[in-house]
Amino acid sequence: MEEADVMKIVYFGTDVFLSCFRYFAEYHEILALYTYHNDEDYFTEYRIVKEAESLGIPVHYEDISEETTYRYFEEEGCRLFFAAEYNRILPVPEKLESFRGINMHSSLLPVGRSYYPIEAAMERDLKETGITMHEIASRLDGGAVLDSCKVEITPDMDSIDIYLLCAQGAERMIRRMMENFDEEWNAARKQPEDRKYPYWKRPDKEKLTITHQMTLKEARDCFRRYNQLAQVEISGRPYYIRALDTGTASVKEDVRAIREDMVLYRVQDGHLRLILHMERGGIDES
């Protein structure tokens, strides 16, 4: 890519779409990385922050303001905001004519407007989902569509598999987009505003919680859909599940602590071997 094609970009996201970040870092100039930390997510900001720091790219955890947005575009030569798995709404300044923003969304819009589109798709037993590249607009997940690709959901996949496949599709799309940016931008297709495409809300606590009344299959299905959104309650305290394996042998106790973050958890036809997120405190079996 010739020097004239290099674009200054502000990147918003985590490790989910790390390949897109690497593409921009290699072929363009990333002015800053905005990210966040959430222990519900399997992919956090661990790798992307390390790579940004190694390249001398400033890392921000705070919200970006409209004032800062103006500064990037009017003073620092930014030509694009790129968001991929970012958990905050970006300002869209109406009077800033040079503003351009792209978001990668893990569903086939207009179906699946949500912060949890993959988990919600699996909850609904959909056979396919996908990734949509769209313009950032004031309406959440409502900007004009630039490109999209489908991802099949098969019974042997979990939510992490879908995230990985979406990331592969996202990299292909952004490479294609950046080869002829202006033409692709001008060809964006408006999304319908029909109310038959509702916003998919966060799964409720009952669906996310594994209990002693479940079978091994029900527990595995819950973790397959929700991964680290899934949780158990022990002595009235909720714990996120980092990893889940199963065994058919029965255990007498409802919960047997193996180490600080590992327990055997009784279910109807065997037990679960759980590794838990311990920021909420150690296991209390009393």
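Trainee: What makes a residue part of the lining of the largest cavity, and which ones lie nearest its centre?

Mentor: A lining residue has an atom within 4 Å of a cavity point. The largest cavity has 16 of them, with Glu 40, Asp 41, Tyr 42, Glu 119 and Tyr 163 nearest the centre. Helix α5 gives the most to this lining, with 3 residues. Bear in mind that this is a predicted model, where local features need pLDDT of at least 70 and side-chain atom pairs pLDDT 80 or more, while totals for chains, interfaces and linings use all residues. Numbering starts from 1 along each chain as its sequence is written, and side-chain values use heavy atoms, leaving out hydrogens and water.

Trainee: Why is that space called a cavity?

Mentor: Because on a 1 Å grid over the protein atoms alone, a 1.4 Å probe fits at its points but cannot get out. The search of the whole structure finds 1 cavity of 30 Å³ or more, and about 160 Å³ of space lies in the largest cavity. That volume is the space filled by probe spheres set on the points, which are joined across faces, edges and corners.

Trainee: Why is Thr 44 called buried?

Mentor: Buried means under 20% relative accessible area (1.4 Å probe, protein chains only). Thr 44 has 18%, so it is buried. Thr 44 sits in the loop between β2 (29-34) and α2 (46-54); helices are DSSP runs of H or I with at least four residues, strands runs of E with at least two, numbered from the N terminus.

Trainee: And what makes His 212 buried?

Mentor: His 212 has 14% relative accessibility, so it counts as buried too. The loop holding His 212 runs between β8 (209-210) and α8 (216-226).

Trainee: How do you know that the side chain of His 212 makes a polar contact with Arg 266?

Mentor: A polar contact is a pair of N or O atoms within 3.5 Å; within protein, one must be able to donate a hydrogen and the other to accept it, and sequence neighbours count only if both atoms are side-chain atoms. The side chain of His 212 reaches the backbone oxygen of Arg 266 at 2.7 Å, so the pair falls within the cut-off.

Trainee: What makes β3 and β7 edge strands?

Mentor: Strands pair if DSSP finds at least two bridges between them. The open sheet of 7 strands, with mixed pairing, has the order β3-β2-β1-β4-β5-β6-β7. There β3 (59-60) and β7 (145-152) each pair on one side only.

Technical notes. Buried < 20%, exposed > 50% of the residue type's maximum accessible area, 1.4 Å probe, protein only. 1 Å grid on protein atoms, 1.4 Å probe; cavity = no way out; pocket = protein on both sides within 12 Å on 5 of 7 lines; lining within 4 Å.
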